[in-house]
Amino acid sequence: MRKRGVKSVLDVATGTGFHSVQLLDAGFETVSADGSAEMLAQAFENGVKYGEHILRVVQADWRWLNRDVHGEYDAIVCLGNSFTHLFSERDRRKALAEFYAMLKHDGVLILDQRNYDAILDRGFSSKHTYYYCGEDVAVEPEYMDEGLCRMRYRFADESVYHLNMYPLRKDYTRRLMAEVGFQRIETYGDFQHTYRDEQPDFFVHVAEKEYIMDDSEGDAYSAAVSTARSYYNSSDADTFYASVWGGEDIHIGLYERPDEPIPDASRRTVARMAAKLELTERSVVLDLGSGYGGSARYLAENHGCRVLALNLSEVENERHRNLNAERGLTGAIEVVDGSFEKIPYEDASVDVVWSQDAFLHSGNRHRTLEEVARVLKPGGQLIFTDPMAVDGCPTHVLQPILDRIHLDDMGSPAFYRREMARLGFSEAPGGAFEEHGEQLATHYGRVLQETERQEAEGLGSKVSADYLERMKKGLGDWVHGGRQKHLTWGIFHFIR
């Protein structure tokens, strides 16, 4: 909050006052609100006892917050897993809308919740690293389903208390925030930017109210997509991928032997994916993250379909258009500058969404997949590949790779299966995921070998030495992650 210049804070879940006292100690102008008069009385006493603060307390119902609390605030905090006490979706939406309305134009909402996803999907566990650190209370769910979490609190004196809560899933909470107006939402796991979904005890959502203009180029992309866009637009990256990675197909290949040329293996991936689809001249394929257009040209030439090629790098797109023109395919392939987090096509307008090794660059994969669902016709197909973490991969082993590509996390097979099911997709008849995890290490190993070979032949005169050193280090990290089976890759295929 200090980094954001926050001065005034509304603590909407004051309880017995712990967070309000901490905020006042830290120098923030704090108003303390709660629905319980008894809680506020205790909070007021605690403010005097533990910080010599006179708390400004207001009894208020979240659903009518603007009626009961006055003014606008730089930040609103809703902590202590408090938001899960609302059991009606209507009430949750109303409360979030009230929070949004009480923030200043550039204000921020900070809301935490227990990791109910992990409890629902894998059973309860807790590291007690940041929450419930004391030894005098044992906390565990007594009953759990998608609509109720009944927690049991057992204290050292053998007393037992229960609380009923609604088990909010992380992505559901994020979606509600977006639907009431918050445009940029970051989610931390136990205060960490990088985490695996099953590991944190708590999620902390940081939602910004600041309005992002649609026609502002600088704000058109999420932070992760903007980073990828800047990278792929650089001269070093363009030269490297065109020279080393395969020229037309800059994605992971399917290798029949370890020393196979990169372009041959990469093209085999395209052919393998296309063979799963029954494309005709009437088919409209949307290629997300189309790069230099190798896949788009293959589909247009071999199947006669129309391809819409959406890609974030203007530099790559210019090379793509030139290659299309050389092959007489300008009329068959529409190359569009843009992000797959906001696809510039109408609802139910395409037959197939195709993507290769691009979704990992999204800072909001949930939004990307929702956009995919939006533009696909009923019965349409999604086919894609993506470098991923294996299910259950420890966070720390991914850090070198995440740092290299400036990401907070990666997808996983379970993540994509879960999200596609949520969005109403079914598995393709041949199965949803054709895994080829071993190919990831093979491919990055081949690219590393080719980099070193071309470097010895003068690649350094075209690409900066710093770029090559960082690239070789990054490729080595990918190879290591693949060989250690921390990473995987393969072909996903779903039906809308």
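This is a predicted model: local features need pLDDT of at least 70, side-chain atom pairs count only at pLDDT 80 or more; totals for chains, interfaces and linings use all residues.
Residues are numbered from 1 along each chain as its sequence is written, and side-chain values use heavy atoms, leaving out hydrogens and water.

**Exercise 1.** Find how far helix α9 reaches and compare that with the expected span.

*Solution.* Start with the residues: α9 runs over 262–275, so you have 14 residues (helices are DSSP runs of H or I, at least four residues, and strands runs of E, at least two, numbered from the N terminus). Next, the expected span is 1.5 Å times one less than the number of residues, here 20 Å. Finally, α9 reaches 20 Å from its first C-alpha to its last, close to that value.

**Exercise 2.** Work out whether α9 and α10 are parallel, perpendicular or oblique.

*Solution.* Grab the angle: about 50°, with the axes 10 Å apart (axes are lines fitted to C-alpha atoms, for helices over the stretch in contact, and angles run from 0 to 180 degrees between N-to-C directions). Now check the classes: under 35 degrees is roughly parallel, over 145 roughly antiparallel, 65 to 115 roughly perpendicular, and the rest oblique. The two helices are therefore oblique to each other.

**Exercise 3.** Decide whether His436 is buried or exposed.

*Solution.* First locate His436, in the loop between β18 and α15. Its relative accessible area is 12%. Buried means under 20%, exposed over 50%, partly exposed in between (1.4 Å probe, protein chains only), so His436 is buried.
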